[in-house]
Amino acid sequence: MYDCSNICEDLMKIKPVVSRPVKIAVIGAGNRADKYLEYARRYPGRLQLVAVVELNELRRRAMADRFGLPEDRRYVNYDDFFADRVEADMVLVSTPENAHFDPAIKAIDAGYHLLLEKPIAQRLDECREIARRARERGVRVGVCHVLRYHPYFAKIRELVASGEFGRIVSVNHIASVGLDRATHSYVRGIFRRVREANPILLAKCCHDIDFLLWLTRSRCSKLSSFGSLQWFRAENAPAGAGERCLDCKIEPQCPFSARDLYYVRRDWVASFDVPEGMTLDDAILEELRTGLFGRCVYRCDNDVVDRQLLSMEMDDAVVVSLSMEMFSNDDFRRTHIWMTGGEIDGDERTLRVRKFRGGYERTYDFSDIAGQSFHAGADLYLIDDFIQALYDPDHVFLTSIEDSIESHRICYEAERSRRTGETIRMDE
Ligand SMILES: NC(=O)c1ccc[n+]([C@@H]2O[C@H](COP(=O)([O-])OP(=O)(O)OC[C@H]3O[C@@H](n4cnc5c(N)ncnc54)[C@H](O)[C@@H]3O)[C@@H](O)[C@H]2O)c1
């Protein structure tokens, strides 16, 4: 067994040479922005926050205070920020999924380099428009596909690309969302509705599809997809289920209890704002009494599917299957790659490689970094890579918008296939 726990540290040692900190403005100072700004906290000589745009006053103040921003660099509205022509090199757009296109286009038109949270936009023509405008304006656009920077996923890619195991024949990839993440994000929370967010394949699995394209290095020629919202619907509410977990008779037995998730286990509470004068306990109880997250899972206004399959045939005849599963305690990904000379399989903790001839077998141990914060450092490597790309025009940023558009196209077409029951030919 090969210990891989030091891979993160090794990756962070390779630093771009910068003559001054890159100036970043953030639009949408929520959970993701906070993760990426850890880079500015650790390396102030490389990245400097110069403005924040955020609707929510608590979050705006928290981020601005942490970085000592003056009052006139704290914005509620991004149009005011663009009107001020703030001196910055790049803008991070990390607003919710239905609010990417407009600020992204405005950032590009203002001449800022753009780091954009996934998904790029809600429609394929909007994704393409962002890429086109960026080319015209000569600015860089990166999309935050963090799996490409994750040591475990990067290792899989490296092993496949080494050619030691021959060519890929087929791939099976399971994205286990896990019940807690599923009920928090896709049943009660901000990704629960297609119109305000996106189909779940785009919202959750565009990373997986991006990884599968990156891994196979081929294009999808044909796909079909299946799935529906089967379980989290009103007609499945058991007898005695209340409107909210706090007033529910069967809450003590319910595996989807919000009271158990937030109040007892204290999981997924980072997105709850704690106003001044309140404790986290108060904030959780208030949320359970009146907020989105206290609702019974059978009585929400969710419409995204609760499991989905995607089958793809690639243009080099490789076949790929992706399965998005919510009904699982696992909150990680499993991948099995069958190749002409051997096979590779892993679950983010261990990665096993075997060759058919000669009994060669090797196992890599990623258990120390699995579940580590910042996606095991990937969030920070991504920022590092983007900074390097801004300093060096020849540097190829790993998650370009062009690659990302291809994975998004698959997501939009998979949704069409799921809805119509058709197999989609991607060249049509
Ligand atoms: N790359 C990843 O691994 C990853 C993981 C989770 C989420 N995401 C994506 O990141 C994006 C943000 O997700 P999050 O989890 O940070 O959400 P979040 O809700 O924590 O943060 C979004 C913030 O944007 C603010 N906001 C909304 N509209 C705004 C506007 N018009 N102007 C300024 N601020 C506005 C909200 O008040 C909120 O604070 C989403 O697109 C999501 O899909 C990416």
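The model is a predicted one, in which local features need pLDDT of at least 70 and side-chain atom pairs count only at pLDDT 80 or more, whereas totals for chains, interfaces and linings use all residues. Residues are numbered from 1 along each chain as its sequence is written, and side-chain values use heavy atoms, with hydrogens and water left out.

**Overall fold**

- The protein chain contains 15 helices and 16 strands, where helices (H or I, at least four residues) and strands (E, at least two) are DSSP runs numbered from the N terminus.
- The radius of gyration of the protein chain, taken over C-alpha atoms, is 22 Å, which agrees with the value near 22 Å that a compact globule of 428 residues would have; the globule rule is 2.2 Å times the number of residues to the power 0.38.
- Along the principal axes, the C-alpha atoms of the protein chain fill a box of roughly 65 × 65 × 45 Å.
- Of the 428 residues in the protein chain, 53% are buried, where buried means under 20% relative accessible area, exposed means over 50%, and partly exposed lies in between (1.4 Å probe, protein chains only).
- The protein chain exposes about 19,200 Å², of which carbon and sulfur atoms supply 47%; accessible areas come from the Shrake-Rupley method with a 1.4 Å probe, and for residues only the protein chains shown count as cover.
- Among contacts (heavy atoms within 4.5 Å) between residues at least 6 apart in sequence, 73% join residues at least 24 apart.

**Surroundings of the ligand**

- There are 23 residues around the ligand, of which Asn-31, Arg-32, Glu-54, Arg-59 and Glu-97 come nearest; a residue is near a molecule if one of its heavy atoms lies within 4 Å of it.
- This shell divides into eight nonpolar, nine polar and six charged residues, with Ala, Val, Leu, Ile, Met, Phe, Trp, Tyr, Cys and Pro counted as nonpolar, Asp, Glu, Lys and Arg as charged, and the others, Gly among them, as polar.
- Helix H2 (residues 31-42) gives the most to the shell around the ligand, namely three residues.
- A polar backbone atom of Asn-31 is 2.9 Å from an oxygen atom of the ligand, a polar backbone atom of Arg-32 is 2.8 Å from an oxygen atom of the ligand, and a backbone N or O atom of Thr-95 lies 3.5 Å from an oxygen atom of the ligand.
- On its own the ligand has 840 Å² of accessible area, and the protein covers 85% of that area.

**Buried residues and their partners**

- Helix H10 (residues 206-216) is mostly covered, since eleven of its eleven residues are buried; among them are Asp-208, Asp-210, Phe-211 and Trp-214.
- Just after H10, Arg-217 takes a positive phi of about 50 degrees.
- Thr-335, in strand S12 (residues 333-339), is buried, with a relative accessible area of 4%.
- The side chain of Thr-335 makes a polar contact with the side chain of His-173 at 2.9 Å; a polar contact is a pair of N or O atoms within 3.5 Å, and within protein one must be able to donate a hydrogen and the other to accept it, while residues adjacent in sequence count only if both atoms are side-chain atoms.
- Leaving aside neighbours within four places in sequence, Thr-335 is in contact with residues including Phe-211, a buried residue of H10.
- Leu-179, in helix H8 (residues 179-187), counts as buried because its relative accessibility is 16%.
- Although Leu-179 and Phe-256 are 77 residues apart along the chain, their C-alpha atoms are separated by 7.5 Å.

**Partly exposed residues and backbone geometry**

- Gln-388, in helix H14 (residues 378-391), counts as partly exposed at 26% relative accessibility, and its C-alpha atom is 9.9 Å from that of Val-22, 366 residues away in sequence.
- Arg-266, in the loop between helix H11 (258-264) and helix H12 (280-290), has a positive phi near 60 degrees and is partly exposed at 31% relative accessibility.
- His-375, in helix H13 (residues 373-376), has a positive phi near 50 degrees and is partly exposed at 37% relative accessibility.
- A cis peptide bond with omega of about -20 degrees joins Lys-118 and Pro-119, and Pro-119 lies in the loop between strand S6 (113-116) and helix H6 (124-137).
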